[in-house]
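Work through these exercises with the structure open. Each task is followed by a solution in steps.

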Amino acid sequence: MKLSILEAGKGDCFILSWGEKNDFHIVIDSGVYGTYRFIKEKLRSIPSLVGIIVTHVDYDHIGGFFKLIQDTEAPIKINFPVFINTPELILFPEDNNLVNYNHGEEFSKILEANNLEKKGLYIGMNDTNKINIEGLELTIISPYKKVLDELCVKWTASLIRDNYISESANSDKVSTENKELKSSEEILNEKEIIHKWDDDLINSSSIAFIANYNGKKILFLADANPDLVCEELEKMGHTEASPLKVESVKLGHHGSKFNTTIDLLKRIKTNSFIISTNGTGPYYHPNRETIVRIAKYGRKLNEAINMDIYTNYELKKEDFITPEEEVLWKINITFKKELDI
């Protein structure tokens, strides 16, 4: 497998390729609206897609998707399925009569006109929570149906559109943060704060999944709630004593301290983590707390083996780790646009 990590601002956008010659491709999220220029450039070297996964309807994950389906000069033929948690909440960001929740039928006609089929991915979608796409097995570990049901009660497409426009207006604003780094001892001794899933419905509705091709696995966590992910991993038998072994983990919510918990790290066995963010405000991801927890609880392999953290931007590492800690903790933080898995 090959994973392309595209520049997506504060968001996520990946292209996963697999097969004997990496000849099958799927887009996983599409970043902010401006991310499409990078998607379009990448698609010029790809003859076709077998699908797009939209993990959740947040501005920094769906922007490029809107641009793609509206691009009459897209470098690929748009004839693939769109995998999404809640198909009825897909919407256009434009100000038109398709943004209301009750206009799902009209929007479906537009998708059909573009040969786009909507397919839901969530826990309980079938007996195994697995689907197979051209030999790539996806095991869904988020979201639960209870989260989606609550999302559909409290959110409408028009509300999501308003949220999208509001967030997008600030998505390209760059700011810096200068602060003294909190000590690792203080971080490890303080109580973790985790958002309750029903207080953060958009992110908690994220599709998180294990992608498996020929025994090689990547864990994609989108912005999923870590407690709910751990709940599902527990059901699958993945505990501290029997962790899920994967080649790499796409960390949740761009390395936020609220999404990478000690319990989650104890259930995963890997030496490779991916953080997708440009590191700017207002959240300044990744959080130092995440790096410290990885250093302490992410290491289950040979102690001599380095932990690799890959980023899709040249981040200011001094904002979340010291040079001495990099050496002490055997952590490599590397800017990389592609990973061979």
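**Exercise 1.** Where is the place of Asn-22?

Solution. Asn-22 sits in the loop between β2 (13-18) and β3 (24-30). Strands (E, at least two residues) and helices (H or I, at least four) are DSSP runs, numbered from the N terminus. This is a predicted model: local features need pLDDT of at least 70, side-chain atom pairs count only at pLDDT 80 or more, and totals for chains, interfaces and linings use all residues. Residues are numbered from 1 along each chain as its sequence is written, and side-chain values use heavy atoms, with hydrogens and water left out.

Next, check the backbone. Asn-22 is not a glycine, yet has a positive phi of about 50 degrees. Most residues other than glycine have a negative phi, and most peptide bonds are trans. Asn-22 has a relative accessible area of 24%, so it is partly exposed (buried is under 20%, exposed over 50%, partly exposed in between, with a 1.4 Å probe and protein chains only).

**Exercise 2.** Find the loop that holds Lys-330 and give its phi.

Solution. Start between α11 (323-328) and β16 (331-335): Lys-330 is in that loop. Its phi is near 55 degrees, a positive value in a residue other than glycine. Lys-330 is partly exposed, at 34% relative accessibility.

**Exercise 3.** Describe how α1 and α2 cross.

Solution. Locate α1 (residues 36-43) and α2 (residues 59-70). Their axes come within 9 Å and cross at roughly 55 degrees (axes are lines fitted to C-alpha atoms, for helices over the stretch in contact; angles run from 0 to 180 degrees between N-to-C directions). Therefore α1 is oblique to α2 (under 35 degrees is roughly parallel, over 145 roughly antiparallel, 65 to 115 roughly perpendicular, the rest oblique). Last, find the contact (heavy atoms within 4.5 Å). Tyr-36, Ile-39 and Leu-43 in α1 meet Gly-64, Lys-67 and Leu-68 in α2.

**Exercise 4.** How many helices and strands does the protein chain have?

Solution. The chain has 11 helices and 17 strands. Of its 341 residues, 53% are buried.
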